[in-house]
Amino acid sequence: MSKYKSIDFANDNREKFIAMRRDLHQHPEPGWLEYRTAAMAADRLTALGYDLKVGKEVVKADSRMGLPDEAVMKAAMDRALKEGANPKWVEAMGYGFTGMVATLHFDNKGPTVAFRADIDSNDVMESQDDNHLPVKEGFVSQHAKAMHACGHDAHLTMALGLAEYIATHKDGLHGTFKLILQPAEEGVRGAKSMADAGVVDDVDIFFGMHIGINKDIAGCLACLNNGFLATTKMDVTFKGYSSHAGGSPELGKNALLAACTAALNLQAISRHSKGNSCINVGVLESGTGRNVIPDRAYLQIETRGATGEVNDYICKRAYEVLNGAAAMYENEVEIKEMGSAPACINSEDLAKAVQVIAKDLGIFKDVPLVNEGGGSEDCAYFLERVIGKGGRATYMILGSAIPAPHHNPKFDIDEKDMINGIAFTGALVESYLQGSK
């Protein structure tokens, strides 16, 4: 028996939690379409005695970004019902309101502690190779062009494991525990809508966590991440005028050339002296035939910056380049912001306290204070809001021996790290609800 009850709890329920994660892995749902996923979580949390707020209660409609169209959402709702989702929850969270907050209130003698997990999948076709563990073990994705290629199936499983541990070990706990399940992290589209709805405005201590990241830190726990960048995601459409390339080329207004000019010059934006600054053109689509001057072109681009100031600079210059390219070719240009996130800022004093608990658990190979990872994470909206209102927050990294990078068709996690994550988060949240920190 360990001195930490959460370690025994996680190990005793190991098979149940692995089965849960594998079921989620088989049924991935992209952002704003997580109806089966959310319904399953809602059923479990209700059975554990949590007070549940879902849908429009915790997601601000006007702050959602990158919504699929209604037909796509309706099809995802219908599929979720066919796959056993509780109709009550599908109706409550329908048409892009798949967030929820589960709360256990003990008394007024302790802090409000929150833990956030993201629940969406990636637009990735999962590998069918025989050496890919989900294929070998029979839990490969059953949904075309959707895959849990970033570990969110494990995130939700750890969150539900944590919720069960707190609900079943609540004697002696004080204050309030909030579990925030957030849709649409991929493309950084979902957190702002929940932060704007005020779901963390009463939170004193906030935790977020990501599994995987880098196999070099497999089996380790980093207590904060300062590397996540501020970012803006944009969809851009150039609108020109089509004509015959040989018969009437002077009448054409070439959207493809406008888009290509933009793509090249976006890469030429000067970098910023105050930190990492990036821009990427990931998609360029245009044209219908070799003898037709294209009247439409479509780009997907993103900007990133070490701070909001740096990202705003890159974003402003990108708008200027896009509008300039449109003017050169007499095109109109439509720019839609599809997602965004601020830079990730943590409370170092909280991270240092987390480090003490994680080391004392004795289940990690190493417990560094800081991991300087790249990419972006919209959990930063929650961190920013909690810290801005006087609370403390940190975003942790749970290393795992991933066989392929995040968003790769062969991505996977080592499930023993997920079980350790349940043990760790249980001990962590319990320690703050016991009033010992």
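Residues are numbered from 1 along each chain as its sequence is written, and side-chain values rest on heavy atoms, with hydrogens and water left out. Because the model is predicted, local features need a pLDDT of at least 70 and side-chain atom pairs count only at pLDDT 80 or more, whereas totals for chains, interfaces and linings use all residues.

The protein chain is assigned a domain 1, made of 5–228 + 344–433, and a domain 2, covering 230–340; such bounds come from an automatic or database domain assignment. The centres of the two domains, taken over C-alpha atoms, are separated by 34 Å. The size of an interface is often given as the accessible area lost when the parts come together. Here domain 1 and domain 2 bury about 620 Å² between them, with 49% of it on carbon and sulfur atoms, where buried area is the accessible area (1.4 Å probe) that two parts lose on being put together, summed over both. On the domain 1 side, Met65, Val188 and Ser376 lose the most area to domain 2, together 52% of what that side buries.

Ten residues of domain 1 are in contact with seven residues of domain 2, contact being heavy atoms within 4.5 Å. Between the two domains there are zero salt bridges, a salt bridge being a side-chain nitrogen of Lys or Arg within 4 Å of a carboxyl oxygen of Asp or Glu. The side of domain 1 that touches domain 2 divides into four nonpolar, four polar and two charged residues; Ala, Val, Leu, Ile, Met, Phe, Trp, Tyr, Cys and Pro count as nonpolar, Asp, Glu, Lys and Arg as charged, and the others, Gly among them, as polar.

Side chains of opposite charge can pair when their charged atoms come close. The salt-bridge rule gives a count of 25, and one of these joins the side chains of Asp412 and Arg21 at 2.8 Å, N to O. Asp412 is in the loop between strand S13 (392–399) and helix H13 (415–433), while Arg21 is in helix H2 (residues 14–26), so that the pair links distant parts of the chain, 391 residues apart; helices (H or I, at least four residues) and strands (E, at least two) are DSSP runs, numbered from the N terminus. Asp412 has a relative accessible area of 4% and Arg21 one of 0%, and both count as buried because buried means under 20% relative accessible area, with exposed over 50% and partly exposed in between (1.4 Å probe, protein chains only).

A further salt bridge joins Glu334 and Lys239, whose closest N and O atoms are 3.8 Å apart. Glu334 lies in strand S11 (residues 332–341) and Lys239 in strand S8 (residues 230–239), so this pair ties together parts that are 95 residues apart in sequence. Both partners are partly exposed, Glu334 at 31% relative accessibility and Lys239 with a relative accessible area of 26%.

Arg36, in helix H3 (residues 35–47), is buried at 12% relative accessibility. Its side chain reaches the backbone oxygen of Glu83 at 3.4 Å. Beyond the neighbours within four places in sequence, Arg36 is in contact with Asp23, His27, Glu29, Ala80, Glu83 and Ala85.

In helix H12 (residues 380–388), Ala380, Tyr381, Phe382, Leu383 and Val386 are buried, and what covers them includes strand S3 (112–118), strand S4 (176–182) and helix H8 (191–196). H12 is followed by Gly390, which has a positive phi near 95 degrees.

Most residues other than glycine have a negative phi. Tyr95, though not a glycine, has a positive phi near 60 degrees; Tyr95 is found in the loop between helix H5 (87–92) and strand S2 (100–105) and is partly exposed at 33%. Lys145 likewise has a positive phi, of about 55 degrees, and lies in the loop between helix H6 (133–136) and helix H7 (152–168), where Lys145 counts as exposed at 60% relative accessibility.

How values were computed: A polar contact is a pair of N or O atoms within 3.5 Å; within protein, one must be able to donate a hydrogen and the other to accept it, and residues adjacent in sequence count only if both atoms are side-chain atoms.
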